[in-house]
Amino acid sequence: MKAKRTLRAVAVIAAGLLSTSTAVSVATSASAAARSTVIVNETSAMTSLNSGTPDTNLVTNSDIGYLTGAGFWYYDNKPNLIRNTTFGTYKITKNVANDFEVSYTVNKGLVWSDGTPITGVDLLLSHILGSSDYSKKAGLGDPNDGAAFNSGGYGSPYDSHIKGVSLSDDKYTVTLKYDSFQPDWAIFGPGPAPVHALELMVDGKTKLQSAAVNLAAKAQFLTDFNAGLNGSVKRLKTMGDIWSNDYNIQTIDSKTNPLLLVSNGGFIVQSAVANQSVTLVRNPKYNSGPKLYSANPINKVIFSFVTDGSPAAQALGNGEIDVYDGQPDTATFQQLKGLSGVTVSTDTTMTYEHIDLRVGNSAQSTDPNEPAYDGPFKGNGQKARDLRKAFLLAVPRQAIVNKFVAQAYDPANQADATVMNSHFLLPGQAGYSTVTAANGSFTYRNGTQAQRTAQALALVKKWYPSASAGSKTVPIKMLFKNNSRRIGENLLIGNEAAKAGFDVSNVGNAAWSKKLDDPSYDVAMFAWAPSAVSQTGSNANYQSDGSNNHYGWNDADVDAATHALEGLLSPAQVTAKYLAADKQVIGNAWSLPLYQWPQVSAYSSDLKGIKPGPLVPNLLWNYWEWHF
Amino acid sequence: MTSAREAILEVENYSVEFWVDGVWYPAAIDMNFTVNAGQVLAIVGESGSGKSSSSMGLMSLLATNARTSGSVRVKGIEMLGTSKANLRKYRGKEVAYIFQEPMTALNPVYTIGFQIIETIRNHFNVGPTEARQRAIELLTLVELPDPETSVDKFPHQLSGGQRQRAMIAQALACDPSLLIADEPTTALDVTVQAEIIELMRNLKDKLNSAVLLITHDMGVVADLADDILVMKDGFTVETGTADQIFNRPQHPYTQQLLAAVPKLGFAQARPSVHLDNAQPVLELQNLVIEYPKRGRIPAFTAVKDLSLTIFPGEIVGLVGESGSGKTTVGRAAIGLLPVKSGSIKINGQEIAGATQKELSGIRRATGIVFQDPASSLNPRLPIGESIGEPILLAGLAKGEELQRKVEDLLEQVELPRAYRNRYPHELSGGQRQRVGIARALALTPDLLIADEPTSALDVSVQARFLDLLLELQAELKFACLFISHDLAVVDILAHRIAVMQNGQLVEAGMRDQILKNPQDPYTQRLIAAVPVPDPAVQRARREARLGRD
Amino acid sequence: MFSYIARRIGTALLILFGSSFIVYNLEALSGDPIAELRTSAARNRDFLIAYYTRQLELDVPPPLRYFHWLQGIAGIFTGHPNFGKARDGLSVYGEIAAAIPVTVRLVLGATILAILLGITVGVITAIRQYSRLDYSMTFISFLMFSLPIFWVAVLLKQYMAIEFNNFLASGQIGIEWLLISSAVVGVIVAGLVSGDRRRVITVFSGSFIAAALMLLIVNWTNWILNPGMGVLGVGVVVGGIGVGISTIVVGFENKRVLWATLTVVAATIAAYFPVNYWWSSSDMNALNLLWPVLALVAVAVAAAFAFTRVDRGPAIRVTVITSVFAGLFLIIDRLFQTWSIYLNTDGINMRPIPTFGEANVRLSSDNFWILFEDGLLHVVLPTIALTLISFAGYVRYSRASLLEVMNMDYIRTARAKGLSERTVIVRHALRNAMIPLTTLMAFDFAGILGGAIITESVFGWHGMGTLFRNAISSQDLNLLMGVFAITSFLAVMANLVADLMYSALDPRIRVR
Amino acid sequence: MSENNQNPNAVDAADEERDLIAKETVGLSQGQLIRKRFLNHKPAVFSLFFLIFVTLFVYSASGIHLNWGATPITVQGWWPYTITDIPETVFCDTSVGCPTWQHPFGQDPLGRDYFALVMRGAEQSIVVMLIIGFFGGFIGTVVGAISGYFRGWVDAVLMRFTDFIITIPAIIIGAVIGFRVGNLGVVPLAIYLGLFSWTGLSRLVRGEFLSLREREFVDAARVAGASNRRIIFKHILPNAMGVIIVSVTLMLSGAILLETGLSYIGFGVQAPDVSLGSLISDYQDSFTVSPWLFYWPGVLIILIALSVNFIGDGLRDAFDPRQRRQISRKELLKATFKKPADPTQN
């Protein structure tokens, strides 16, 4: 001790006398150890440890949730639904009319970060968060008027079809009973929640408790849950309040209640600075998912919040962050490419751009005084069909895709990029080639664009003999958001369609989403952003009463095929139904898909094992494989 | 202590020039004079004569676009071209300045005590307490009331005269050998002026300082100066003792200057023109005018219970010092100010409470000439438009006819017809004031209100202006309310004189009655304070005053 | 006085009521808070739409909704204000409370720096009116007036952060930069002096050579990577500053004050080792920075008392300012010493100048000096950018104001009294010239909390500006109104403070 | 106060000098005087010509497009490309879309001619600047004139209204306009911004009116029978014009920075229209790769704002010659000496 002090004094004097001295390394020892910390950029700040409420359902929150929690499945980068067998198994146990059961079994020996075993009891909270019936029965309130658990999960098919939940005697298996077959049953599955921690917080605890107390709390939850099936439970109400509000924190330090941080993922939250960063460290008790990489492992993940893309790219170049992903424009991409020591990879997301033509007024429209749609594409008469077809033919899809996918990264790239040709499947997904071979999309990719535009002009001339290139015979009002990508697309479409006698408006609208039902627009161009892989995912877009059908589309064949998708089908049957529906959608010239959104990921070249995925949590999905 | 006749300031071949747009314009040319201890040299001249610039240049206080040449010696030491440090040693200590307007010449954010102490401590190595003691002594010396508390007052908390006393105290702080007083009394009322002159004389005698007095006022000169230097356009026209200059002026300009100075009690007789049965042109009865409370400034009654009548063809002089309310009366008489109570009748028509429309009718019978010719003409309008405006707005003439009328009016006030298109800044002060008269007379009014029309004019210009006014009045026979602080000017013009003090009429009557036999003590004081441009008379009056005390 | 303030605050509240009503309704009209949901493929979209409609009271017309919000705010009078919840589920109050210190950190330094530099340069250019220096500063300040900050920021980040960090790899100044920087120094110094051409050339070459030599020494000692001043450097710098200040304030002739100042310098040198030793301890905290400075200030006061019998006011002023500078340089020296350690820590990797954010999130050290250095380095670029922009205003205003005052009669009086030019300017001109500038300053300080929207966005800071911008783009009414309430209140208060300051500085004006 | 006994006859040194200067200006009208003084300010004159040149250049390059109802008026400019044209991207050694003879400012990633974009952006920025200047100047003058002239409760109400407007941030206006009428183009945005940016000017004008209305020529006009309107417009306003013109000029340079700043953060000019601010925002990331996309808009903003500032400075000198020019050594050497006639000789 004394020696150290003397050394300190000597160092101070040396530094003081020799201004260029380097001998001051006493105060802190500079560590040149191997890197084990990853800094990931997020475009928004963390607002809550619980991403389950509508307010806190942000990408950042759910990314943190992904690292701190493991469940029965996850998406890989294909994207395929992968079963996490380390955590547990699930299967259909009964599938007859009006009776559909799925059971979920948690493997034994799994523990939460505080050492409490994970059992089926931990899955029961999911039911409270998803079932309005339970919420009402347990006196937690009608979610439509605001429930104790402010969950964003109500109102989903789970809510409307679940009949009951049961826990096996060994308390490791939970069985869900539905009133009918659920095509997306797999992803309805329950996720684990540290219910003992919630119970302890109901009791006002602010410290981690002993194993016995934890187990008692877990038992208490089961009691409460069962009581809730029959009547009002006060404890659950308190718990709902805690679940809805107490996780909403931005700052985490030694004063934070550690019960809020109990988790079962590969990492646990260690600290957070409001609006700046969240630091996660390895969960030493993690055994609920794939094993973390052991050589040169990542010991710490820091989410750093940079809300703008541009500073993030510069920050990556300056070594302030290690991982960046987003949808950059050419400039950012080129800038990222120009950085040394940075790996840049391009990929696509599940979000895809498409163009829709209006046939009639929206089925969703509630305004009784709304004027009837009276544009060139109105109705199903031959003229409207021809004009619709002509317009779609004149959309220079390949040029658009080249510009916004291939050349988005490298303007010099002359290779053709993939044009998307199905409304139901993404390129690369099983059945995509089968569907696109026969769904009629060939018409829109046959020959050169000049030929297709010539066909389009011919179709227009059929009804307007005076039409010619640049004649502006058919005025088209197009709805799109006025961002640079859409404006570019609009310009390309407008320039090409002009050659077929169309006159496309070129004014975007910031409030476009409110105007989807507005019958003054003939064409809308925007993107659908699926958040999960689901065989019924596109139904709402094309069914005649679908909630996303804004254009008065109405076709019995489409309705029949999409309704069929709601049953239990083999993969081949699913593809057949997709084909049937898609054929009609394209045949009616309602809509054409354009392309999947590109995304770019850039990360420090020192970092290995990153495989960007198209669905949230994008490149974090395989964090356990990351290493230096 | 300097010996009685020692030459304090010796100036030889001294010139001052200003640089304007690439040309050096001389402000003072080749001056030569000497001031001895205990002696007062007055530099006299009209505006633009260079008297002020030359005095500033003595201690290099002019802006950087001025240059001086020749020789200026203070107690034998050359001041032109000496080092800045040396110059600073002399400034304030040997040579102290008293400026014209103490309000702007004193720093508004420091107390007068601070500013005096600063001067003392700048030149002498004394502690703050000592210096403060000295400052209080000085304030006592200059007869500032209650010096112990005044020392901590800010300039704006003192009256004009008090400020000038503080300024003098500051100048005397280091017992300077030479005092340069640049128009020290011009900003002050006559009674205050008399006190300050008195003070300066006493101090000069007491301290045996040399004094360089710069002024345009021959009365002040007569009162103070031992020697006189007359300047015109930068040139020294004539030098001599006070007696020589006043009694035996050699140069025609000096003679002309002296002749132009109005002398109280020497004016021609002005028989009464007032007819008993005539309707008065202006009739004020128990007039009260109040400036209402505005924002944080409280209400202020400017005129209290004033009654005054003016008959056709009559000139009534309204005399008073600043703050007496005389201008307020004039402005109220043409409806520019609201009347609190009482009545104002013009040709029998009531102004108080008249509507805007009635007022404009009544105003056709009146005209007003303002005090400051620089401010009373719109700088953006050619003077023809300013003169023609009343005619145009009264709908009497327009176009060609209006132009002709305007030119006639210009001719009437002895200005070239072509001046119609000139802008105010192209005219001299006297010319501008003539334009003011032309405008006032545009509608051939029955009543002309002249609000200090000559106070901004040089004496010679003033004399011509007054002649013109008299001629016009004789020709047009309008009645005139002539407002002035200068009794000598009023003396020339007025049939009757009314004296105001603090918003009240203290005395009114025929001119000779007021001037020769004033009843009110204030009027008496006022008349006694007017300096007479004659050293002998002044001396006699001074002695009389001293005897009276 | 009290009733005056009360009246003004009353009016202010009325104004705030009106403007908040307008802003609330404008913003409510300006967008669709649930636009995202409308094209969402979420299965329970209808539930979520209903949820937000309920939560955000979208079914209540905005003018009525405003009064719900106002009701919450009115709680300020009972001590329980309710700013509501932001759309991300956090309390608006909490978000603002977290953002204010960030913004203050970002803008306070820049504002103070801009005021100090701006007024200094403005005064110098006014004194040297129509000199080369004046012309070039006029041009530079106009140029800065015309700079878009978002454009400058990108350049700053590229050249002052990324390129500088690249440069640090060697830390050696290249010959071209050496020549260029020396030339710049030469031009600036030559611009400060006035005189004929020969003098200018002499001064230029002298300062050019001096600067080049300095830079060579910097290169030779590898100073950029291992900077430090040492006890000698601190002594020389503080000594120079002390003599400079005493010359400006009381004049070099005043030996007593000079001795008192030199005592402070001596005390600084004496304190160097003990203070450094103490600061090196592991339980160092921000408060400990203060004690040595306070001790030096105490020494300064004592020295002033000991050396002067009269006029202690100015003497104390001189010594205290010197001692504050001394403390500052002790800290700067300590930061220099920390520099190389900081450079070599894991989180920095020789790239110390950051381009975004408020702190380096990777830094694992808990050493006070490392964290302090880190915090300061993060402020560097935004401070430069902000200073560049607002500096120009102060230069122009203070120059014009001083020129106006210099034409006043009382300045001539002061000269006629034999006061030195220094006293005339510092005591008589500057004091009066500063009066109108106080208004500008008051508004600048009020603008601190609301003003830096673009700067925060460019530099990735999470202060009030970012909150404001996010609130607008995400249609977060509660958050927006919370920010607005704070910033507009400050703006209105600044008005009042400006008036009060005016009357405090100008004895002619008294509020009633 | 009611009376002023000060005797302006007693000139001091400064007045004497002023009289000397006045000798130079005889025969010139006020307007000519101001013009003369402005023309003496070399940077301002240069800036004025430059700004006129830039404006003409920009407008002639991209032509004029007015979206007035059903019949948009379009005048083609001399530049062959518009912002909706997408010519083939030109490739060069290290990058794409770099400056060539065909595309002197290069091409954006979409292939659009960047010169056309920058010209359009500058056009927008100039339009916004002028509209804000016009509306801000007009409202500021009217409000300031009315409250300064009538004083009393009118003044109190208008000044509180001004305080009220000051508290409303421009960004809110930008956001609302961007969302509501963003597709109507830049003019409504500029008008709305103008409606909220007159506060500083109105205070200045008010102060000017408060002092001018006390001048005697105003009383003279009133005595002559002039109405309030005539007094305000014919007598006071022309005298306050200096203050108004100077501060409107400064408002202009503020306006261009306001507009580009708003556009930069996405609340100003909405795409597909471009502004210099939105161009910088879009292409700031190209900085290292295609610096020309970043530099040109910024340089244009600076040049426009800088020349406006210099013009403002020149106008200030012209309208308010109080700050005396100091003389350089060279001028001193060149100066001639003018000897007046000696009155002692006559």
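Helices (H or I, at least four residues) and strands (E, at least two) are DSSP runs, numbered from the N terminus. The model described here is predicted: local features need pLDDT of at least 70, side-chain atom pairs count only at pLDDT 80 or more, and totals for chains, interfaces and linings use all residues. Residues are numbered from 1 along each chain as its sequence is written, chains are lettered from A and ligands numbered from 1 in the order in which they are written, and side-chain values use heavy atoms, with hydrogens and water left out.

**Chain B: overall form**

- Chain B holds 22 helices and 20 strands.
- Its radius of gyration is 25 Å, close to the 24 Å that the globule rule gives for 549 residues, so chain B is as compact as a globular protein of that length; the radius is taken over C-alpha atoms, and the rule is 2.2 Å times the number of residues to the power 0.38.
- Along the principal axes, the C-alpha atoms of chain B fill a box of roughly 70 × 50 × 50 Å.
- Of the 549 residues in chain B, 60% are buried, where buried means under 20% relative accessible area, exposed over 50%, and partly exposed in between (1.4 Å probe, protein chains only).
- Among chain B contacts (heavy atoms within 4.5 Å) between residues at least 6 apart in sequence, 69% join residues at least 24 apart.

**Chain B: surface and charge**

- Chain B exposes about 20300 Å², of which carbon and sulfur atoms supply 48%; accessible areas come from the Shrake-Rupley method with a 1.4 Å probe, and for residues only the protein chains shown count as cover.
- The mean positions of the 55 positive and 64 negative charges of chain B lie 4 Å apart.
- In that count Lys and Arg are positive and Asp and Glu negative, while His and the chain ends are not counted; each charge is placed at NZ of Lys, CZ of Arg, CG of Asp or CD of Glu.

**Chain B: domains**

- Chain B is divided into domain 1 (1–94 + 176–261), domain 2 (98–175) and domain 3 (311–336 + 353–536), with bounds from an automatic or database domain assignment.
- The centres of domain 1 and domain 3 of chain B, taken over C-alpha atoms, are 34 Å apart.
- Contacts link 18 residues of domain 1 of chain B with 17 residues of domain 3 of chain B.

- Eight of the eight residues of helix H1 (residues 51–58) of chain B are buried, so the helix is largely enclosed by the rest of the structure.
- Among these buried residues of H1(B) are B:Lys51, B:Met56 and B:Leu58.
- Most residues other than glycine have a negative phi.
- B:Asn347, in the loop between strand E14 (341–346) and strand E15 (349–350) of chain B, has a positive phi near 50 degrees and is partly exposed at 27% relative accessibility.
- B:Lys477 has a positive phi of about 60 degrees; the residue sits in the loop between helix H18 (459–476) and strand E18 (479–484) of chain B and is exposed, with a relative accessible area of 58%.

- Chain D has 13 helices and three strands, and 55% of its 346 residues count as buried.
- In chain D, 68% of contacts between residues at least 6 apart in sequence join residues at least 24 apart.
- Chain D exposes about 14800 Å², with carbon and sulfur atoms supplying 64% of it.
- Chains B and D share the most contacts of the five pairs of chains in contact.
- No contact joins chain A and chain B, and their closest C-alpha atoms lie 42 Å apart.
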